[in-house]
Structures are given as structure tokens and as C-alpha cells.
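This report describes a structure in short sections.

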Amino acid sequence: MTGDVNFQGVDVRFGAVPALRALDLRVADGEAVALLGPSGAGKTTLLRLINGSVVPSAGTVRVGGQDLASLDYGALRRLRSRVAVIHQDLRLVPNVSVARNVLSGGLGRQGFWSSTRTLLRPRDAELEAAHALLERVGVADKLFHRTDRLSGGQQQRVAVARALYQQPRVMLADEPVASVDPARAHDLVTLLTRLAREDGATLIMSLHSPELARAFFPRAVALRDGRVAADGPPSELDLDALYRLPAEADAGGGA
Amino acid sequence: MAAPEAAWTVRGRGPARGGPRGARGPVLLLLALAGLWAAWVLRLDPRALWPDAQAWGLAGEFFGRAFTPALSHQASSLPPDTPSILTIALRAAVTTVVFAAAAMPPSILLGLLLGFGASTAWWTGDRESGGRRRFAWRRVLGPVVSAACRFVGAALRSVHELLWAVLFLAAFGVTPLAAVVALALPYGGTLAKVFAEMIDEAPRDAAGALAEAGAGPWQVFWWGRLPRALPDMIAYALYRFECALRSAAVLGFFGFPTLGYHLAASFENLYYGEVWSYLWTLLLLVVTVDWWSGAVRRRLAV
């Protein structure tokens, strides 16, 4: 599977409320894209479309060349197993070991019995792989620690290791640094962009801060009111305009 | 003046919350009236709580021995090889623990089976995935199996362990098996109900993340839902073990060799000192188990 993502004329409505309107967007395999825009612009919805968690009201979403609407349950699971999501609130199981949390990233490529074996007694090879990933994210010595005994920053790295254990072709990060202090935010974005580059995975990260986009991403896509408002190298875009008061920006942009 | 006004505004804003909240007063009044009516039907007379002199004497005699439990037999003539009161109490305490401990594994097994079945998590496990294309059989069978498990669980616990004991005494006689089965059935039913609720109320964030990463519904259940409910389930099972100790003790009234057996015998002979020896032993037992289960729970604490 390749990691290219392609939206064609995608509409998403939640009831009567439009979240995305006639969205066209193409992200190439291995590309790193920062997704910007004010709250409610549709960033999360766009990310959720990519793993089939949200179904478009109109238009098509293709990931790795496959139209998500054409996939049956099993095929969707296989696709999801290669699309990793890193959430701001981590969504780890707090009261089990770090190893179990990392290994849970492999469920999508395991059958039920094989995964039950892993749950009861992880295989040596699995533990070695988990350890190697923890080493890559910088918490190597925590494999058998209870997850909630780790600091917030360390838990975030465990969540990243779980995502990497999926051997992802696409990595989606939904506001990973929204509630993180600036120094840690910088470290985490550095880490995620480096990991995605090393593995050749596509990375789409929604961000609140144009500074981080400028510092780390060759391309930024800015959403506003469910549409692509700007798309290109962050240094060439007037990203700060996105966050000005709506009345101000609407006067300039229009619809 | 401002505060009540604000309260009304909040109440008015959310009809879903305001509705039951507004009805709380009349419901409480209705419950109070129902209680009074029931007391009237039963002809409850609070004055009867103030007993006559003879009853006072009996009560005084009984509670007077609370702090002077018998350390040796109160009967005057006993066969020479009769064990001491303390030996009997200790043996009965151990037997009580053995009965309770024997009843817990089948209870827990029953509770897990019925509890998993009754929970909705295993058949709506993939709802987190935002999704579509669920297994059809799961959606059809799920509610049926769930309702069946709920019904069996409710039936088992609607009969008290003492009534089950009467039933199994008739079937098996005074055998340990009768006592263990009598305890295991209602306890299994109770555990099933509580386990199911704990599984269904466990946080779903991790489960949702696993479904998004391609995990199947069963995997989501075992890896994402169950681990989050497990500490509560273990703590509750430990608490039920404590309850099982009391129940096992009371089963002694039917002739099983637990603390209740000796308690009943001494009580019939008006040997209140001995009664208190056994009661203190039971208390000590329950307190010990409570302390131990507390220690286990602290270790499991999230």
C-alpha cells in the first residue's frame, strides 16, 4: 500500500451543518502536510475521512489508490491498520504495561487468536520490536512500566510508538500539541516529522500554530469554513490571516 | 434574589435535565407517603420498641456479655475430650472461609460468562469506529443474547442464598456441595449484573483508538474495554468474597459446620457468652478480609 491521499469533491454534513464543502485535495505518498485553520474549520473531519471514521456525504476519498466507499469491512480494517492516528488525548489504556499499549497497534494485522496470544503472553519478537520503537521515540527503558506511572510527555511518546507499531503508510496527528507547552510541542513535532520521513510515511498534522508549520513543514493546507483557503509552502502563505476575526477575513476572502 | 432566578434559568435551559429534576420533589413525597402507608398496613407501633421489664432483662443479659465473651464452655457437664471454645471457633472460622472460598470461583465464572453476555460492549464494540459494515449476526444476536443473560442473572439473584440452600438441602442433604451451589448461584447472578455494568461504563477512548487502527470488535473488547473495567471488577469480586463469608456463616443455621452452626447451638442454650465468642470471631474474619481486599485494591488502583 502507498500513502497517497486524494479527496475529490468531498462534502461532509453532520445533520444540516456542513463540515466540509466540495473539498479537493491531493497529498502525495511520503509528503508532510500541516493542516491549519481555526476551530470548526473542518480539520478533524478531514483527518477522520482518511481512515473511514467519517463517511462523506458526497465525493470520493482515496487512500493508497483505493476508494474507501468501495471497501468491505475486512478491506477497511486492513487499510486502517496502515493508517495511524495520534490524538491529542492519547487514548492509551492507562492501567496496563507500556508494552501492551504499543503492541495494541498491531491488532489490525493480527487475527483474533494470534492477538489473544499476544495479550496473554507477548512473543519475544513482539517485545523486541516494541522495545526498538520505544528506543526510537526516546522512552526505551519503560517497556514493562505501567503506562499511567509515566509522565504526560512519556505517555505521548508511548502513543507515538503504538502508532509506529502499525507500520503506517499514513500518519495522522490531530492537534498533537494543542495542550502542550511550547518546548515540548517543538520536540514532539520534530520527532513526528523525523519518524515519518525515516519511514517514508505520509504525515498530515493539524496544528494551531503557523510558526510550527513554517518551521517543520514544506507544505501547509489551510481550511476555513470547510474549504481549502490556502495551500502551498507555509513561508509563502499569509497564514496569520486565518486566525483574524471572521468578519475581517471574510471581507477579504468572500465565498 | 439573583440566585433563585439563576437556578430557574439553568433549569429551563435543558429540558432533558430539568424534567426529572423538577419531578424530584413530588417523587420524594410519594415515597415518604408509601413508607407511612406500609407502616400502617403492618400496624407498626414504635412504642413496642420500648420493651417490658422481662424483655429488658433478656436484652441486658445478651448485650451485657458483648465485652465478656466466653473463653471456656458454659455448659456444666461435657465429655472430657470436648475441644475448647477457642478451638471450636477457630475451626469453624476456617470452615467458613473454606466454604466462601469454594463458592467464589464458580460464582466468578458464572458472573463473567453472564456478565460478558449481558454487557452491550461486545456487540456494539465497533460503534466507536464511526462506522459501517458491521457483522450482521452480531447486530441481530447481540441484543437477544444480552437480554437472555440479563434474565438468567436476574433469576439467579432474585432467589436468596438461604432459599437456594433450602432447595439444595432437599436435593443433596447437608453436604458441602449443597452450600457451595447455594452460594454460587445468587452470587454469580449479582456478579453478572455488576460486571456487565462495569464493562459498559468503562471509558471508551482507548477502544475507539484501537478500532481506528483496524482492530476487530472482539479485539477492541479484550484490549480496549475489558482492561479498563478489570480493576473495578476485581475489587467488587473481593467485596463479594466478604459477603460470602457472612452468608457461609449464616448457612451454619442449616447444619453446615460453619460459625453459624455453633452460634445457633449456643443461642438455643442461652449461652450468650459463647454466642459473643463466635460473633467476635466472625467480625475479626470480616475485618481481616476487608483489610486484605483493601490492600489488593490499592495495588490495582488506577
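Strands here are DSSP runs of E with at least two residues, helices are runs of H or I with at least four residues, and both are numbered from the N terminus. Two strands count as paired if DSSP finds at least two bridges between them. Leu36(A) has Ala222(A) as its bridge partner in S9(A).

Strand S3 (residues 32-36) of chain A also pairs with strand S8 (residues 202-206) of chain A, in the parallel sense and over 4 bridges. Ala32(A) has Leu203(A) as its bridge partner in S8(A), and Leu35(A) stands opposite Ser206(A). Of the 5 residues of S3(A), 4 are buried (20 or more other C-beta atoms within 10 Å of a residue's own, with C-beta atoms placed from the backbone; 12 or fewer is exposed, and in between is partly exposed).

## The sheet

These strands belong to an open sheet of 6 strands in chain A, with the order S6-S7-S8-S3-S9-S10 and mixed pairing. Strand S6 (83-87) and strand S10 (227-232) of chain A are at the edges; each has a single partner strand, so one side of each has no neighbour in the sheet. On average, neighbouring strands are turned by 15° against each other, direction ignored.

## Two domains in chain A

Chain A is assigned domain 1 (1-82 + 170-255) and domain 2 (92-167), with bounds from an automatic or database domain assignment. The C-alpha centres of the two domains are 26 Å apart. Their contact takes 10 residues from domain 1 of chain A and 11 residues from domain 2 of chain A. Residues are in contact if their C-beta atoms, placed from the backbone, lie within 7 Å.

On the side of domain 1 that touches domain 2, H7(A) gives the most, with 5 residues.

## Contact between the chains

The contact between the chains takes 33 residues from chain A and 24 residues from chain B. On the side of chain B, the largest share comes from H10(B), with 8 residues.

## Numbering and confidence

Residues are numbered from 1 along each chain as its sequence is written, while chains are lettered from A and ligands numbered from 1 in the order in which they are written. As the model is predicted, local features need pLDDT of at least 70 and side-chain atom pairs count only at pLDDT 80 or more, whereas totals for chains, interfaces and linings use all residues.

Notes:
Contact = placed C-beta atoms within 7 Å. Axes fitted to C-alpha atoms, helices over the stretch in contact; angles between N-to-C directions.
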